[in-house]
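Please open the model in a viewer and keep the selection tool at hand. The tour below moves from one selection to the next.

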Amino acid sequence: MEQIQIALKKNGQLIDLQTAETENIEGGEPIYYGNSEDALEVLRHSTAHLMAQAMQELFPGTKFFVGPVVEGGFYYDMRINGDFSDKNLRQVEKKMQQIAKKKTPIERYEISKAEALEKFKNDDLKLEVMKRIPDETVSIYKQGDFEDLCRGPHLPHQGLIKAFKLQRVAGAYLGGDSDREMLTRIYGTAFADKESLKKHLDMLKEAEKRDHRKLGNEMDLWFFDEKVGPGLPIWLPKGATLRANLEKLLFKAHLVREYEPVKGPEILKSDMWKISGHYQNYKENMYFTTIEDDNNAEYGIKPMNCLSHVKIFDHKVRSYKELPLKFFEFGTVHRHEKSGVLHGLLRVREFTQDDAHIFCMPSQIEEQVIEVLDFVDKIMKTFGFDYEMEISTKPDKAIGDDKIWEIATVSLRNALNNLGKDYGEDEGGGAFYGPKIDIKITDAIGRKWQCGTIQVDFNLPERFDIHYVDENNEKQRPVMLHRAILGSFERFTAILTEHYAGEFPVFIAPIKAIIVPISENNVEYCKKLQKELLFDDIKTEVYDSNDSLNKRIRNAEKQRVPYVIIVGVEEMTNNSLAIRDRRRKEKYDIPRDEFITKIKEENEVRL
């Protein structure tokens, strides 16, 4: 296929060809039409405008707010005259196809903000957009009779838009403010070719089947209740067991790597958050209260665990011989997330991090990061995830001087380079207190998920003035590494549920097997087997209801447990078990003791 350049990338910024030519921009990386991340951003941005143009023709009087590119596609928020639902999407797609065939050029021009305010004075949504633009000059993209405020970039012409799909209609508050009017949001996606579009849509169908919210309900794992509060999961017995299995596995893995378990309070005085910088930089994401018997002092519920770990380090004099000192905590935190972004267990307001902080000397940073990356590799391979890593550098909103940031960033690069790991870079994507490595995993159906992170922090040790004593009996400042591998148990559980489609491997499955007695005469034998397995930390259930045997077996298989064990007179006589192996999709008979040895081995995974 002929390479068609559609944009330019320079200093991490995408620029459309018209802008590059008008402003005589030289150098940079050419972006060609295709399915690369950068090319799709340009293509999807242009497809969003094509959709808006089709809406304007089909539904005159429609007014448009914003239409950004998002992960996996795009959306546009608008106010539509009359009723509009998913039933109208095919009509809009046909109009988009008609318009695209004309190959109309997409043109960009600039005007002053004052001119734009005059131009769009009768369009309240455009005026809302301009409130969010700090510049005194605005750019407008025009295609045929349609134009809109936009930063771009866009394709050279609409003829390059060939493979797209409008997916669904939703409501969205203006500017995300629940006190404002509800606009109509149309979601869509686009690819450079129809084959890639079909592959993506097939993946979405499979993802719908695997949705952890659906499976969590079907398998009685967890639920949410609006009366309790949005974003606050309630774990049912099987879900709590699944989570406990994960925690137990990870707890032991930390101990063998010489981490020490600690536990900090969930609420700390606001003075602590002011010293750390969270109060100034993260306050809008935190919950605060005052305590009357402490002179109405303000307290903040922790959104992260690091401050308690700093205080644990500082509660006594530390020697250089103790370093690296590694603390870990499965710490529950609370963050104020807007209702619109809450999504099952993937985005909640209360969650528990597999959090750890490593206090070390600057000379130990690289070796400690390498050790963490080895830990990451073991965990990801155990769960069957491919993964990639990305370094995020200093953001605009940050604390600490450039020299400190450079030292930290170089240490992360060196660790990855010494391990021979490929990695990307997210310019400006670091935490406000230090650069980081983000770990992104790929699940069984090809979706990427952000999970763990490793962050170098020179700032908190300085802000809290913590020290260790070196070999010359002089005070020195330690370096603090923030580290989470799963990210949070909630999010990782959701990802695992969808990755395995609810068919968890034995070592984390909440119920390892369901035992089905053929008749009442076999129930006592089955319950003895259940108790014997429980002593080896293998939790099972016995299905001995009054339902028919076939129904009990069907119900057992619906639970997606690794094994269904059927026991009758023949099995009791022969000291054997009839097994239905879900993961291998096999049926077989096996001596009782041999099966117990087999399931014990499968349950004894070590990280």
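**The largest cavity**

Begin by selecting M219, L221, K238, G502, F504, A509, P510, I511, Q559, R560, V561 and P562, which line the largest cavity. On a 1 Å grid over the protein atoms alone, a cavity is a set of points where a 1.4 Å probe fits but cannot get out, and lining residues have an atom within 4 Å of a point. The volume of the largest cavity is about 80 Å³, a volume being the space filled by probe spheres set on the grid points, which are joined across faces, edges and corners. Its lining has eight nonpolar, two polar and two charged residues; here Ala, Val, Leu, Ile, Met, Phe, Trp, Tyr, Cys and Pro count as nonpolar, Asp, Glu, Lys and Arg as charged, and the others, Gly among them, as polar.

This is a predicted model, in which local features need pLDDT of at least 70 and side-chain atom pairs count only at pLDDT 80 or more, while totals for chains, interfaces and linings use all residues. Residues are numbered from 1 along each chain as its sequence is written, and side-chain values use heavy atoms, with hydrogens and water left out.

**The second largest pocket**

Next, select K248, K252, D537, N603 and E604, which lie nearest the centre of the second largest pocket among its 22 lining residues. A pocket is an open set of grid points with protein on both sides within 12 Å along at least five of seven lines. The space in this pocket is about 470 Å³. Colour α8 (237-256) as well: this helix gives the most to the lining, with seven residues. Helices (H or I, at least four residues) and strands (E, at least two) are DSSP runs, numbered from the N terminus.

**Aromatic pairs**

The structure holds 18 aromatic pairs, meaning rings of Phe, Tyr and Trp (its six-membered ring) with centres within 6.5 Å; planes under 30 degrees apart count as stacked, over 60 as edge-to-face and the rest as tilted. Select F64 and Y76: their ring centres are 5.6 Å apart and their planes at 70°, so this pair is edge-to-face. Because F64 lies in strand β4 (residues 63-64) and Y76 in strand β6 (residues 73-79), the pair ties together parts 12 residues apart in sequence. F64 is buried at 3% relative accessibility, where buried means under 20% relative accessible area, exposed over 50% and partly exposed in between (1.4 Å probe, protein chains only). Y76 is buried too, at 1%.

Finish with F251, Y259, F328, F330 and F489, which ring pairs link into a cluster.
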